[in-house]
Amino acid sequence: MSVLTIENVSKTFTTKRGRVVQETHALADVSLSIDEGEFCVIIGASGCGKSTLLRMIDGLTAPSSGQILLKGRPITGPGPDRGVVFQHAHLLPWRTVRKNVEFGLECLGVGQRERRERAATYIDMVGLSGFEDHYPAQLSGGMQQRVGLARAFAVEPEMLLLDEPFGALDAQTKLVMQGELERIWGVRRSTALLITHDIEEALFLADRIIVMSNRPGRVAQIVDVPFARPRRDDLRSDPEFAKMKFQLWDALKSGTAGRAA
Amino acid sequence: MASTTKPAAATFDPTGPMLMWTLRITSVIALLAAWEWYGRKPESFTIAPVSEVATAMWDGFASGDFGRALAGTMLTMVVGYVIAAVIGVGVGLWIGVSRYAQNTIEPLVHAGYATPVSLLIPILGIYTGLELRGRIILVVLWCVFEILVNTSTGIKEVPPALIDVGKSFNASKFDLYRKVVLPAARPYIFLGLKIGVGRAIRGAVTAELLLSAANLGRVLLGAQSTFDIPTLLAGIVLTMLLGLVLMRLASLVERRSLAYRTA
Amino acid sequence: MARQTAFRAAVPAVALVLVAAACGGGDDDASTSGGDGATSIRVANTSPTQPGFVPAKFGVITYGENFGLDMTIDDFTTFDSHAVATQTVLSGRADVVAGSLVSNLLLNEQGQDFKLFCPYIAQDDFVIAGANGIDSVEDLFDPNTRVALDSPGGAGDVILNAMLQALGQDQTAADIPGIQILESSGLRTTAFASGDVDATVIHDYQYYEAAEQATDPVIIASLFEEVPDFVKEGHAAPAAWLEENAELAANYCAAVLMGMRELSADYDAFVGAVEEFADVEEMPDDETLRALHTSAVDYGFWPGEDGGLSEESITFMAEVGVKSGLLEEVPAYEDVVAVDILERALELVEEQS
Ligand SMILES: Nc1ncnc2c1ncn2[C@@H]1O[C@H](COP(=O)(O)OP(=O)(O)OP(=O)(O)O)[C@@H](O)[C@H]1O
Ligand SMILES: [Mg+2]
């Protein structure tokens, strides 16, 4: 059953510098639907509007035309049913790791004790136990990104929106974190929408991969990923995995990926 | 190689602070000695020797004059500063968050910010009164704009991304200001408050010199018109020390509360 | 690292010491003008040249030549305090201070051997102004009377004390219970006009400006009417310099005296001198200048005839200083005035006319 429906969404940014008005067509006529409990991954070239699409789903930006329905209702703003991991961690620098993770819970009015417990759970889950009282400035970029993950998980949303959460990580940590995400997600199976540039990451995590064309972004291709869950690291050496990797690579390579397929 | 340089550095390290202190103290002594020598030259009229200044300082405190003056100046300064801080941060926040205030009040603030308050003293005196109230109002005028402009700048400079974080995590409007905007603007606000301390001291002493003479200003004026150079210099040194101590204190408070940035 | 920091801490201090030493050393080479054959004097003024102060500059520029002087307006420099002007002379960058007589006596008592040798301006147009029912000097000492004055030792303070003394009052400004220290006469004027104070000491033209607003304003006393012996400012120089440059100083003073005589006698010349020498933003109107000129002539602002630094007047001023608590004692006349130079100057003037 589809929980999120994107219907003919376009987005044009208008920037004014003095008298010069510049229009950027970020997205053009994107239609898509995501099923409940589905792990959906969007890949596409830089600047093709992935983050923009995610922000519209979160409710931070409105589409220029078309509409986005969440459980049948148009999105009017952010809600506790969605949790976001931003492309750049965007932690609150004056809050410790623990307080950052508790932030969303505080806003929802969750009591102090439960906040503590949940924060501890998710900090542990992203492997940052022992860093609870550190400030973001004392963490590496990758660690900050993991705090961002914990912050989004902590509100336990029905839908997770993840914008390149592992972009800042080294290859090795990235693999570990992908495995972790797959495991954590597997526990609650909330709907997830993840953006990445990394084809292998997409294949490892996704039930379905949406390949977007270059700007203005449109849906170029949709690829179903058949691998069973839970997925383990040895999946990466599976011949079918390698084959799909090539296929996706091909689709991505050309700006007009959709027509090639 | 590495193993030979390392112990050397290690043995040098403990002497580091000591060497620094030795040099610091030596240079202070050298400075005082030079001052004394220069002040003792018969043609040095406006510079009294440091020993006489120290005596004047001692006498000033022993007679209670300096203590009273210092207390009076600090009272003026503190009352004025607190009022300025409340108004400055309050109105600064308002300008920062409200389009309306930005259009109506901000131009006035900028005009006030650019006006040298001391030029207005004779005119202001009529409206503010010449005694304590007038001096306090001058202190407020002296530092309120600094605090205000810094505060409103801080609010405007809050990274939009952090606001998005707040919204995205369902912060209410109140929470958004309390938990995101205000803390994000804090470095600016504290900077304004810190600069404000220095300006409040200058404002207090200037008001005491130019509005109606009182406290430290009166000490300085009295010493000046009677050519009591040692007391004059002692008063100046005292004013400088007051500034130094309070600014240090302000920096300390600022560093403490913004520790997260460099921690 | 620590060593670097330490050096960095030391650098400013060392630099300061060097600068101080350099300044100190520089003084020794600073040229002192004067000596044999010198024809100019560098004058340090302690306040801007008000319209009433013009005779000295006027005389030196106009008649200097007659007395072998070769001076221009650049030989006069205005400083903003007596202390700085004095320091300039002590450092050898000027020869003569034109400044407050009481300040000069005070300096003398503090061991700076400066002697007065020539008048500058004898009187002032300060008045004691009263309002809100305050109309006598006795009223000033009423605890409910708010009196604005500058700080002890300032011009207004000395003038008030001189008036009190001349009026036979035993008390001084220090005994006024309701005193409020306002340094600038402009601020005292606004305070008086707006009713923030009931009495003050200001210039008479300031009084007339304020009188329009004040309630029941009166002039309680006027300096030049009450205190003929007052000496406001004079020319002074270190005794040693005067000894070495006696003739030069006499020539200079002769030119000053000539200027005073000329401006006393000729109103138009006075107007011209104000135009040329006074530090005023705009020319005062004719009425004001005429009133000033009349007072100056009638009350001896410019003592061109006798030089003005008489023993009585100096003693009177010293007594005012003592009563005000500025001076310890009345100094011996010869210790503070170089009478011979002033007399020589008067002789030179007589020779000329
Ligand atoms: N607020 C904005 N105002 C104007 N233009 C914008 C704005 N946000 C995004 N854009 C433009 O929209 C386009 C898409 O931006 P977006 O951030 O969605 O790209 P992206 O696909 O996430 O890229 P990347 O993979 O590099 O993160 C870009 O050309 C960008 O310049
Ligand atoms: Mg992006």
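Which residue of β10(C) is the bridge partner of Pro119(C)? In this predicted model, for which local features need pLDDT of at least 70, side-chain atom pairs count only at pLDDT 80 or more, and totals for chains, interfaces and linings use all residues, side-chain values use heavy atoms, with hydrogens and water left out. Residues are numbered from 1 along each chain as its sequence is written, while chains are lettered from A and ligands numbered from 1 in the order in which they are written.

The partner of Pro119(C) in β10(C) is Gly234(C). Helices (H or I, at least four residues) and strands (E, at least two) are DSSP runs, numbered from the N terminus, and two strands pair if DSSP finds at least two bridges between them. Strand β10 (residues 233–238) of chain C runs antiparallel to β4(C), to which 6 bridges join it. Both strands belong to an open sheet of 5 strands in chain C, with the order β2-β1-β3-β10-β4 and mixed pairing. At its edges lie β2 (76–78) and β4 (114–121) of chain C, each of which pairs on one side only. On average, and with direction ignored, neighbouring strands of this sheet are turned by 30° against each other. Helix α4 (residues 101–109) of chain C packs on the sheet and touches β3 (96–100), β4 and β10 of chain C; the direction of α4(C) makes about 115° with that of β3(C). Here axes are lines fitted to C-alpha atoms, for helices over the stretch in contact, and angles run from 0 to 180 degrees between N-to-C directions.

Contact between chains (heavy atoms within 4.5 Å) is found for 2 pairs of chains, with the most contacts between chains B and C. Chain A and chain C do not touch, their nearest C-alpha atoms being 24 Å apart. Between chain B and chain A, 19 residues of chain B are in contact with 26 residues of chain A. The buried area of these two chains (the accessible area, 1.4 Å probe, that two parts lose on being put together, summed over both) is about 1,900 Å², 68% of it on carbon and sulfur atoms. Across this interface of chain B and chain A there are 2 salt bridges, defined by a side-chain nitrogen of Lys or Arg within 4 Å of a carboxyl oxygen of Asp or Glu. In one salt bridge, Arg55(A) is joined to Asp164(B), with the closest N and O atoms 2.7 Å apart. On the side of chain B that touches chain A, the elements giving two or more residues are α8 (160–168) and α9 (173–210) of chain B. The largest share, 7 residues, comes from α8(B).

Within chain A, strand β1 (residues 2–17) and strand β2 (residues 20–35) run antiparallel and are joined by 12 bridges. Ile6(A) has Leu32(A) as its bridge partner in β2(A). The two strands, β1(A) and β2(A), form a hairpin with 2 residues between them, and Gly18(A) in the turn has a positive phi of about 65°.

Over all chains, the count of salt bridges comes to 38. Glu158(A) forms a salt bridge with Lys71(A), the closest N and O atoms being 2.5 Å apart. Glu158(A) lies in the loop between α4 (141–154) and β7 (159–163) of chain A and Lys71(A) in the loop between β4 (65–70) and β5 (73–74) of chain A, so this pair ties together parts 87 residues apart in sequence.
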